[in-house]
Amino acid sequence: MSATVHSLSLFAATRVAAPDRPRLAFDLDVDVCIIGAGLAGLTTAREAARRGCSVVVLEAHRIAWSASGRNTGFVLPGFAQSPRRVIGRVGFKKARELWTLSQQGVDYVRNTIAQTKMPGVVPISGWLSVSKIDDGEGVQAEAALLRDGLGMDIDFWPTDLVRTQLKSTRYFQAIHFPNAFHVHPLNYALGLAAAAEAAGARIFEDTPALSIDPTGIRKRVATPNGRVRASHIVLAGNTHLGALAPKLARTLVPITTYTVATAPLGERLAEAMAYRGGVSDGDWIDNHYRASEDGRLIWLGRMTTWQADAKHYVRTLRADIRRTYPQLGKIKIEYAWSGTTGTPVHLMPQIGEVGSGLWLASGFDGQGFNTTALAGTLIARAIIEGDQTWTLFRPFELVWAGGALGRAVVQTSYWINRRKEKVGGFLSRRRERQKLRTAEKAASLEKKQLAHVAKEAATIHPVLAAIAAWGRGSPPAAVPSVVPAAADMQPGETAGEGTGETPAKKPKRARLR
């Protein structure tokens with residue numbers, strides 16, 4: 001592994017300038033106290049402040065220090081759980097409502113970028129969900145469910161179209177989401193923090209919440225150097241809630257994913273990937289990738305239920321890239337980093353009121369951008385306006401994730417799924433090669449048969465030879481005349497002489513009687 005690989009993420013290295021926020025060093029009395037300055041917490045802060053509430057945000061580290069600022073920046077509709085399973089749990093009508101909310105989350109992110117003119121945030125349109133297994137019927141059925149059943153704006157892409165955009169024989173059919181997009185995640189979070197402050201919220205960094213007292217009308221949050229009293233507390237975090245809310249933290253399986261960024265690849269990347277949107281080629285973690293603004297390949301893959309040094313995965317992820325795009329040749333990895341998020345057992349976000357005045361926004365898994373946006377909006381509307389839309393998420397209860405055994409089950413399931421996907425892809429590519437060989441053999445046999453017919457025809461008559469040549473697609477030659485023209489005959493020669501044919505007899509004159 002190269003010693004020049006940076007553990008700092010590419011996004012941290014290319015972030016826009018942003019001020020450091022102070023530690024909380026005094027007591028505060030506010031309407032809403034939000035614990036966690038990730039995307040969910042910042043969205044809640046902005047929306048609550050815009051509605052006239054006094055808001056404070058407490059962040060133990062820095063703004064978007066964890067998954068919110070370290071993901072690939074994909075903004076797309078839907079949830080981590082599959083549509084069919086959600087429909088099976090809540091019914092078709094409510095599932096459609098949930099997917100509509102998920103699209104509203106996408107729209108919120110897009111509109112916020114435009115309204116605030118965020119620096120360093122340029123949305124790049126499109127997302128492809130690609131199949132590594134040749135399953136045209138299955139992918140078309142999924143596309144039909146999303147489009148006709150859940151109202152999503154999507155297109156089905158056949159294999160030929162996919163491979164014009166992604167030059168990889170490992171890919172088959174895909175579902176295209178033209179209105180999805182990707183952004184610089186850390187710059188978006190920093191812009192969202194600035195927007196929340198502009199609306200009146202106050203953000204304190206390096207200020208961990210040590211304990212909360214959710215009883216009574218005015219709840220209390222203790223920090224190392226100050227105390228906050230609030231009518232509402234919003235827990236906007238995941239497994240990092242830890243000792244602050246152990247029961248809630250135990251409903252999540254910690255998932256750590258690993259990301260690398262190559263050195264700029266120039267024209268090589270454009271030749272391998274004409275598509276400039278985001279790409280996902282697996283239902284689990286492997287793989288999610290996109291091009292950066294400066295021509296790097298940002299590639300997220302592999303997962304563990306424990307935290308590990310991302311540098312240990314550089315060789316593995318580089319090999320994944322080269323298997324997918326061998327035409328890239330030798331590539332250099334310049335950045336490697338990891339991010340940890342929390343995954344509920346049901347793979348749906350945990351949004352809503354878990355106690356009087358105590359709210360939860362958590363469990364966003366791999367669909368964080370749109371779901372954090374809708375979570376923040378729904379909670380702010382519920383607190384200020386009494387809106388009950390958040391109750392659509394009630395069927396997805398807080399379920400114990402199984403502790404160490406649950407983590408082992410999830411990790412094993414990932415390994416098994418990865419193996420099944422690998423075998424399925426191998427078999428699909430082998431069948432494709434067999435079909436190509438069969439087609440090539442058939443074409444070769446047909447060509448030999450046509451050549452044989454042409455040869456036989458040439459021995460029978462030049463006219464038939466010309467017809468056979470025409471059947472092979474050769475340019476038509478002048479068809480030889482059966483009877484030579486008079487200008488071509490020698491003096492005294494009659495038609496047929498010199499050609500091997502019997503001269504035609506002159507007709508007898510009829511006798512007059």
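Predicted model: local features only at pLDDT ≥ 70, side-chain atom pairs only at ≥ 80, totals over all residues.

Me: OK. How many helices and strands in the protein chain?
Reply: The protein chain has 13 helices and 17 strands.

Me: And what share of the residues counts as buried?
Reply: Of its 513 residues, 48% count as buried.

Me: Contacts next. What fraction comes from residues 24 or more positions apart?
Reply: Taking the contacts with a separation of 6 or more, 74% are between residues 24 or more positions apart.

Me: Now salt bridges. How many in the whole structure?
Reply: The search finds 22. One of the pairs is Asp20 with Arg62, where the closest N and O atoms are 2.7 Å apart.

Me: Where do Asp20 and Arg62 lie?
Reply: Asp20 is in the loop between helix H1 (10-13) and strand E1 (28-35), and Arg62 is in the loop between strand E2 (55-58) and strand E3 (74-75). The pair therefore ties together parts that are 42 residues apart in sequence.

Me: Is Asp20 buried or exposed?
Reply: Asp20 counts as exposed because its relative accessibility is 59%. Arg62, at 34%, counts as partly exposed.

Me: Strand E1 came up there. Which residue pairs with Asp29?
Reply: Arg218 does, with the closest N and O atoms 1.9 Å apart. Asp29 lies in strand E1 and Arg218 in the loop between strand E8 (211-213) and strand E9 (219-222), so this bridge joins parts that are 189 residues apart in sequence.

Me: How accessible are those two?
Reply: Arg218 is partly exposed, with a relative accessible area of 21%. Asp29 is at 44% and also counts as partly exposed.

Me: Switching to Arg50. What does Arg50 form a salt bridge with?
Reply: With Glu47, at 3.0 Å between the closest N and O atoms. Both residues lie in helix H2 (residues 39-50), 3 residues apart, which is about one turn of the helix.

Me: Is Glu47 buried or exposed?
Reply: Glu47 is buried, with a relative accessible area of 5%. Arg50 counts as partly exposed at 48% relative accessibility.

Me: Which residues are linked with them in a network?
Reply: The network of salt bridges links Arg46, Glu47, Arg50, Arg51 and Glu385.

Me: Last topic, the positive patch. Which residues gather in it?
Reply: Arg430, Arg431, Arg433, Lys435, Arg437 and Lys441 gather in a patch of positive charge on the surface. Arg430 lies in helix H12 (residues 403-460). At 38% relative accessibility, Arg430 counts as partly exposed.

Me: And Arg429, where is that found?
Reply: Arg429 is in helix H12 too. Arg429 is buried, yet has no salt bridge.

Me: What is the nearest side chain of opposite charge to Arg429?
Reply: Glu432, which is 7.2 Å away. The cut-off for a salt bridge is 4 Å between a side-chain nitrogen and a carboxyl oxygen.

Me: So what does Arg429 touch?
Reply: Leaving out residues up to four places away in sequence, Arg429 touches Thr169, Arg170 and Phe172.

Terms used. Residues numbered from 1 in each chain as written. Heavy atoms only, no water. Patch = residues over 30% accessible without salt bridge, like charges linked within 9 Å, V, L, I, M, F, W, Y side chains within 5 Å. Areas by Shrake-Rupley, 256 points an atom, 1.4 Å probe, with all protein chains shown as cover. Lys, Arg positive; Asp, Glu negative; His and termini not counted. Charge placed at Lys NZ, Arg CZ, Asp CG, Glu CD. Helix = DSSP H or I, 4+ residues; strand = E, 2+ residues; numbered from the N terminus. Buried < 20%, exposed > 50% of the residue type's maximum accessible area, 1.4 Å probe, protein only. Contact = heavy atoms within 4.5 Å.
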